[in-house]
Every structure is written in C-alpha cells, then in structure tokens.
Amino acid sequence: MLCQYKNELKEMIEEVKGFTNQGKVADYIPALADANSSTLAVAIFNGNDTCFSAGQSNERFTLQSISKVLTLALALMDHGGELVFSKVGMEPTGDPFNSIIKLESHAPSKPLNPMINAGALAVSHLIKGASTEEKLERLLNFVRRLSGNDSITYNSEVAKSEFETADLNRSLVYFMKQHGVITGNVEDLLDFYTKQCAIEVDCHDLAKIGYALATDGAAMNQEEEIMNPYIARIVKTFMVTCGMYNASGEFAIKVGIPAKSGVSGGIVGAVPNGMGIGIYGPALDEKGNSVAGMKLLEAISARYRLSIF
Ligand code: DON
C-alpha cells in the first residue's frame, strides 16, 4: 500500500514536471535566484508514521509567504481576533502580493488581509516578545511543534539578502506607520519579518505543518493541542480566499484545497480531517506561485478527490 502511494506520486510528478519550464525562479531576493528551477517534490502526511514522498523531498527551502499563516495563528493566540482584525482585514484584494495600492485607496487605511505583504507585516508587528530574538524564538518554537522537527531554524543568508533589498516592504511599513496601523521601529520589524520568511523546511516538515492545520491544531500524536480549532479555522479560511493571492479563485476551482504559497516555490496544503501536503517547485508564474507545484496539487486533488467544494 505504501509503495502504491509513492508510485502514484512519482507518476503525477512525471506528468506535470514539464510545467517547471514555464516558470522562473524568484530573483528579487538575490539569495533565492540560485534555486534549481527544474526541481519538483512532494510529501504527504496523514498522521501515521510515514510521510509519502516523491521527487527531491529532502531539499530545504525557505517558507517565505507560507510563514504568513503561522504568524497569523501566533498573533491570534497572542491577542485574540478582536485586536488582530482591528489592524488587518478579512477580504481578498485581487492585487499582487506586494501591492501598495489598496492601502491608499481603501479606507480605513489598514491592509485588506493577512496574506498580502502589507497585512503580514502588520500581523508580524503584533507577535509578543521583548526583542526580535525573543519573537523569533517564539515563532520558531511554534513551527517546531507544528512540524515535530526540533532542528528547524532560519537561513541567515536568505534573511540578510532580503533585508538588504526589501525597500518595497519598507515602504509598506512606513505607510502603515504614518496611518497608525503599526508603531515602533521599522528596521526592527523588517528584521523580524525577513527572518520569519527565511525559516527553512523541507517537504516533509511542510506536510506536517499542513497536517496540524488540517486536524484543527492537533499535534502529530493527537494528544496535544497546538492551536485552538477556531484559530485553525480562521487560518484555513484565509488560505482558501487569499492563500494563492490573485490566483486564489482559479486555484479554488481547479484544486479546492486550503493552501498557501511562497516565492521560494513552496506550497502547503491542508486537507480537512487529516492530510497535510508539502510541495516544492521553485519555478514561479507571474503571480509568484509555483507553476508545476500548482499543477501537481491539481493532479493530487483530482486523483484522491480532495476538493473541499
Ligand atoms: O516579502 C516578500 O516579498 C517575501 N519575503 C515573501 C513573498 C512571498 O513569498 C509571496 N508569495 N508567493
């Protein structure tokens, strides 16, 4: 049985691998530009000991925007929904992930949702901790518990590379500071945000993070609750409505799995009632989503009938 799943995943990778040629590796963060654009890997975790996988599933990559779902969960645990949603909205934008336009055109001037960069920066600003180190350690511990991997940490080279080139994100933070959405030191927030984005995982870790969300916050042993089910529900709803940015509608129709992408090429999927999916394929489309990764999720969803709709 185990071999059957592995073989099926391999087959599906073969089917869609050609799509890696249609994408481009992100290079606006210089340290991401070296990724191999032909990579395509997947791991699936369903709560048993084995993580089914195919492709280069042990290759490590940074979470980038996938971290946004984790900081949102932590901020909700730190403060509750009332405070968090006084700083960030609940609506999709239809704009690219790094757009500034709705911050100005939408009143009151708060980011429309926590999955776009502006919203994620506003959420990261809320994470409790006396210093960037303390905040980061709290976030890392949360990710370690979700994935069951105590060795997870961040890639300092990727964090530095983004910090040095993140002027668009800086401008979002300055704009929000001027409008009272955030307070405090802009560089400190950028420091934390770029480190959170640089947290490094492989497909197996990501599948287990997806599983924790899929089981409404239960740890892998099912005995411990890492996240309140209500918070897991909020996070998964944002994954459906905004997780793939301005491709979320098409993705919901074609795949139908709550998912979140990152510009490193990762995608985490959380199938209700107990299946987590971790994908890595660094060749991206123009919206910043893994081209072949999305095709692979479409094939997996169709074969195992996983759409929630
Ligand atoms: O803030 C950024 O631009 C990156 N650290 C993360 C963006 C990202 O992953 C968008 N996702 N597809």
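Start by selecting Tyr245, which you'll find in the loop between α11 and α12. (Helices are DSSP runs of H or I with at least four residues, strands are runs of E with at least two, and both are numbered from the N terminus.) Before you zoom in, know that this is a predicted model, where local features need pLDDT of at least 70, side-chain atom pairs count only at pLDDT 80 or more, and totals for chains, interfaces and linings use all residues. Residues are numbered from 1 along each chain as its sequence is written, and side-chain values use heavy atoms, with hydrogens and water left out.

**Stop 1**

Is Tyr245 buried or exposed? At 9% relative accessibility, Tyr245 counts as buried. (Buried means under 20% relative accessible area, exposed means over 50%, and partly exposed is in between, using a 1.4 Å probe and protein chains only.) Check the backbone too: Tyr245 has a positive phi of about 55° although it isn't a glycine. Most residues other than glycine have a negative phi.

(Rings of Phe, Tyr and Trp, using the six-membered ring for Trp, pair if their centres lie within 6.5 Å; planes under 30 degrees apart count as stacked, over 60 as edge-to-face, and the rest as tilted.) The pair links distant parts of the chain, since Phe97 is in the loop between α3 and α4 and lies 148 residues away from Tyr245.

**Stop 2**

How many aromatic pairs does a search of the whole structure find? The search finds 7. For another one, keep Phe97 and select Tyr28: the ring centres are 6.3 Å apart and the planes are at 40°, so this pair is tilted. Tyr28 is in the loop between α1 (2-16) and β1 (41-45), 69 residues from Phe97. Tyr28 is partly exposed, at 42% relative accessibility.

Next, select Tyr5, Phe52 and Tyr304 together, and you have one aromatic cluster.

**Stop 3: charges over rings**

Pick Arg170 and Phe163: Arg170 lies over the face of Phe163, at 4.9 Å from the ring centre. (A charge sits over a ring if NZ of Lys or CZ of Arg is within 6 Å of the ring centre and within 35 degrees of the ring normal.) Then try Lys208 and Phe45, where the charged end of Lys208 sits over the ring, 5.3 Å from its centre.

**Stop 4**

Show helix α6 (residues 132-147) and helix α10 (residues 203-214), which pack at an angle of about 85° with their axes 7 Å apart. (Axes are lines fitted to C-alpha atoms, for helices over the stretch in contact, and angles run from 0 to 180 degrees between N-to-C directions.) That makes α6 roughly perpendicular to α10. (Under 35 degrees counts as roughly parallel, over 145 as roughly antiparallel, 65 to 115 as roughly perpendicular, and the rest as oblique.) Which residues meet here? Val143, Leu146 and Ser147 in α6 meet Asp205, Lys208, Ile209 and Ala212 in α10.

While you're in helix α6, click on Arg144. Arg144 is buried, with a relative accessible area of 14%. Leaving aside neighbours within four places in sequence, Arg144 is in contact (heavy atoms within 4.5 Å) with Glu137, Asn149, Asp150, Ile152 and Thr153.

Look for Asn117, Ala120, Leu121 and Ser124 in α5 meeting Leu189, Phe192, Tyr193 and Gln196 in α9.

**Stop 5**

Select Ser161 in helix α7 (residues 156-165). Ser161 is buried, at 10% relative accessibility. Setting aside neighbours within four places in sequence, Ser161 is in contact with Ile29, Pro30 and Ala31.

Finish on Gln64, in the loop between β3 (61-62) and α2 (67-79). Gln64 is buried, with a relative accessible area of 2%, and has a positive phi of about 45° although it isn't a glycine.
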